[in-house]
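Biologist: I should like to learn how to read the features of a protein model. May we go through one together?

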Amino acid sequence: MSLAKRNILLVEDEENFGSLLQNYLQLSGHEVDWPKDGATGFSTFMSGKYDACIFDVMMPHMDGFELTEKIRSRGNQTPIIFLTAKKMREDMIRGYEVVADNYLNKPFDIEILLLKLEAIFMRDGSSTPEESNFDIGQFHLL
Amino acid sequence: MVISLLGIIVLQTKWVSSAVAEREKEFDNRVNNALNEVSNLIGEDEATVFIREEFGGMDSLMQNFLVIKDEIHSESDSIEFETHQSQRIQISIDNNGESHEIIREVHGVPHSMELHHPSEKEIELLIQEEGQERQTIIDLNEREATNFDHIRSAVKSYTFGKWHSQNLEDRVSMTSIEKSVEKALSKEGIDESVEIGIVNRETSKPEDGYISEGFQFSKDDNNYTKDLFTLNNRASSPYVLNVQFNGNDDFVWSGIRPLVILSILFTVLILICFGYSLYFIFKQKRISQIKNDFINNMTHELKTPLASISLAAASISHPKVIENPNEISRFVTVIKSEEQRINAHVERVLDIAALDSRDLKMDFERLELLDVLQTSISTIQLSINAVDGVLNFNSMIKSASIEEDEFHLVNVFTNVLDNSIKYSKANLEIDVSISENENSYCVIISDNGIGMRKKSQKLAFDKFYREETGNIHTRKGFGLGLSYVKSIIEAHQGEVELESELNKGTTVRIRLPKN
């Protein structure tokens with residue numbers, strides 16, 4: 001079974017890190033849009049359709065918490081993972097208060113991030129993946 | 001603490017108010033006592049005059065009674081006493097205790113004086129003026145007969161009755177009243193200036209010649225009154241003594257002033273301590289906030305490159321990359337770049353720590369300041385170009401040779417120029433100039449960036465200070481740059497100052513001494 005291709009919104013202001021993460025997610029078969037600040041991230045989100053979002057917290061113009069609050073205030077339940085260097089307890093609490101799905105600290109193991117994404121995608125029954133590879137022998141599962 | 005402080009102030013105020021009210025009440029009591037004393041004094045004066053004129057003085061009157069008393073107990077049946085007119089008055093008492101009437105004349109007015117002895121223990125002296133009814137002026141038992149004050153009191157009552165219809169000026173002078181009032185008030189410890197007036201109750205007007213210069217006939221709280229002549233505590237004339245004060249502050253505050261001053265002092269001291277505590281709490285809170293901000297920044301600035309290095313390493317290991325040398329090379333470049341970034345951050349923090357503990361080793365040598373400035377400008381030129389900015393350099397001197405640590409001085413100018421880029425807006429323009437005066441060289445770096453608030457200007461050189469932006473991370477930094485600049489310039493015996501206007505730009509002036 002291989003990972004299905006998903007649309008992921010990555011909002012990250014760090015050039016090197018953002019480029020590396022986008023690249024790795026693309027290597028894993030996902031489509032990744034990468035705006036570089038919170039305000040642009042919100043307008044990109046509203047104009048697209050995403051299976052999951054990965055947000056940094058400390059960003060120019062609009063931080064990750066505010067971005068999440070704005071998305072959630074519109075009733076949107078797209079899974080959101082925070083990927084941030086901020087590790088203090090208050091920050092984590094704030095992250096879950098704005099109804100994020102997960103909170104990962106930098107630096108992190110990229111495989112863990114991929115597995116978390118996969119778990120989210122498997123739980124999420126509302127979005128239809130573009131491809132499905134559930135083939136067992138001569139049988140194809142829908 | 002605020003509640004306690006308010007409670008203390010409220011209690012202090014109440015205590016002072018209460019103390020003042022008590023003192024004012026005491027003032028009223030003392031004035032009234034003084035006026036009673038004045039009334040008694042004036043009455044005593046009249047009695048004294050009567051006794052002197054009628055009996056030749058109090059001693060003479062006393063002696064007469066003593067004589068009378070002595071004789072009563074003797075077997076003699078006659079009693080004699082003399083007046084100052086040397087008229088001998090003989091009174092015979094028989095064994096039955098009956099009295100005999102004696103007629104004598106004093107001042108041309110017939111008086112009859114009757115000494116009545118109703119019993120062994122009692123003596124009565126009756127006096128009768130022509131045309132008047134007999135009245136008892138002395139009615140004493142044996143013990144009282146030797147009592148000076150009782151005799152005087154009895155005689156006084158008689159004189160008031162005798163003189164109550166006389167004019168005021170015939171009875172007492174204004175001077176006498178003023179002296180009596182002054183004496184009585186002084187005795188009560190009251191030194192406030194006073195105005196006096198005698199008012200006729202029947203006409204409701206002040207008596208001519210009996211009002212002091214500042215006296216104002218009105219009814220108010222500072223006006224005290226007392227019947228001038230009384231008999232058995234009732235007014236025996238229409239004259240009322242009025243006394244006015246121009247305030248009673250001296251008396252009211254004299255007793256409590258030291259305590260009030262001390263109370264105020266201690267309250268102010270508590271307020272100062274409270275204020276300082278608040279200041280200290282807010283300062284600590286600000287320090288804590290700055291510390292947290294610094295930790296957050298530090299964490300972000302160090303962990304992000306570490307995350308990049310981790311991702312780059314994971315990317316290199318990816319099956320799709322491991323066979324691709326170009327991609328591997330790209331990721332290795334990123335790893336090196338991020339490693340340098342981490343190193344730069346660590347070095348900066350260590351430099352600041354070393355400056356703090358004065359451990360930083362400075363390497364001074366005589367070098368050309370213009371060259372140092374040019375090096376900084378060259379370092380930063382790429383960044384300026386990246387934001388489509390412009391840098392103008394203007395040198396008003398040809399040479400500026402000073403003792404300097406080249407490495408740190410380059411960092412200083414680079415830091416300031418970097419701030420101009422970091423805090424810029426569109427169409428960045430930076431002006432760098434260098435000039436000299438008699439004692440120093442002056443480098444001015446001026447930009448048209450976003451500027452800063454007045455409050456931030458005061459704190460700009462404080463270590464770790466950055467304007468609060470929460471998680472909005474538009475411009476990266478630890479808040480160490482300007483602190484570093486100041487420390488290095490001061491190590492060069494120079495000065496640095498900053499001027500800024502929000503949305504207009506910032507100017508940094510650095511003075512370095514010629515040496």
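Predicted model: local features only at pLDDT ≥ 70, side-chain atom pairs only at ≥ 80, totals over all residues.

Biologist: Which salt bridge joins A:Glu69 to a partner, and what does the pair tie together?

Modeller: The side chain of A:Glu69 meets that of A:Arg94 in a salt bridge, at 3.4 Å from N to O. A:Glu69 belongs to helix H3 of chain A and A:Arg94 to helix H4 (residues 89-97) of chain A, so the pair ties together parts that are 25 residues apart in sequence.

Biologist: Are these two residues buried, exposed or in between?

Modeller: One reads this from the relative accessible area: under 20% is buried, over 50% is exposed, and partly exposed lies in between. A:Glu69 has 37% and is therefore partly exposed. A:Arg94, with 30%, is partly exposed too.

Biologist: What partner does B:Glu436 have in chain B?

Modeller: B:Glu436 forms a salt bridge with B:Lys514, and their closest N and O atoms are 2.6 Å apart. B:Glu436 lies in strand S16 (residues 429-436) of chain B, whereas B:Lys514 lies in the segment after strand S19 (505-513) of chain B, so this pair ties together parts that are 78 residues apart in sequence. B:Glu436 counts as partly exposed at 43% relative accessibility, and B:Lys514 counts as partly exposed at 30%. Salt bridges that share partners can also be read as a network: A:Glu14, B:Glu301, B:Glu338 and B:Arg341 are joined into one.

Biologist: How far apart along helix H9 of chain B are B:Glu338 and B:Arg341?

Modeller: They are three residues apart in helix H9 (residues 325-356) of chain B, which means that about one helical turn separates them. B:Glu338 forms a salt bridge with B:Arg341, with 3.4 Å between the closest N and O atoms. Both residues are buried.

Biologist: How does one describe the size of an interface, and what is the area here?

Modeller: The size of an interface is often given as the accessible area lost when the parts come together. Between chain A and chain B, the buried area is about 2,600 Å², of which carbon and sulfur atoms give 60%. In chain A, the residues that lose the most area to chain B are A:Leu20, A:Leu27 and A:Met58, together 26% of what that side buries. In terms of contact, 29 residues of chain A meet 30 residues of chain B.

Biologist: How many salt bridges cross this interface?

Modeller: The rule finds one salt bridge across the interface of chain A and chain B. B:Arg341 forms a salt bridge with A:Glu14, the closest N and O atoms being 2.8 Å apart. H1 and helix H3 (64-73) of chain A each supply at least two residues of the side of chain A that touches chain B. The largest share of that side, eight residues, comes from H1(A).

Biologist: Finally, what span should helix H5 of chain A have?

Modeller: At 1.5 Å a residue, the 14 residues of helix H5 (residues 110-123) of chain A should span 20 Å, and the end C-alpha atoms are 20 Å apart, which agrees. Seen down the axis of H5(A), the buried residues fall within an arc of 160°, so they line one face of the helix. Among them are A:Ile110, A:Leu113 and A:Phe121. On the other side of H5(A), A:Leu115, A:Met122 and A:Arg123 are exposed.

Technical notes. Residues numbered from 1 in each chain as written. Chains lettered and ligands numbered in written order. Heavy atoms only, no water. Helix = DSSP H or I, 4+ residues; strand = E, 2+ residues; numbered from the N terminus. Expected span 1.5 Å × (residues − 1). Buried < 20%, exposed > 50% of the residue type's maximum accessible area, 1.4 Å probe, protein only. Arc of directions from axis to C-beta. Contact = heavy atoms within 4.5 Å. Buried area = accessible area lost by both parts, 1.4 Å probe. Salt bridge = Lys/Arg side-chain N within 4 Å of Asp/Glu carboxyl O.
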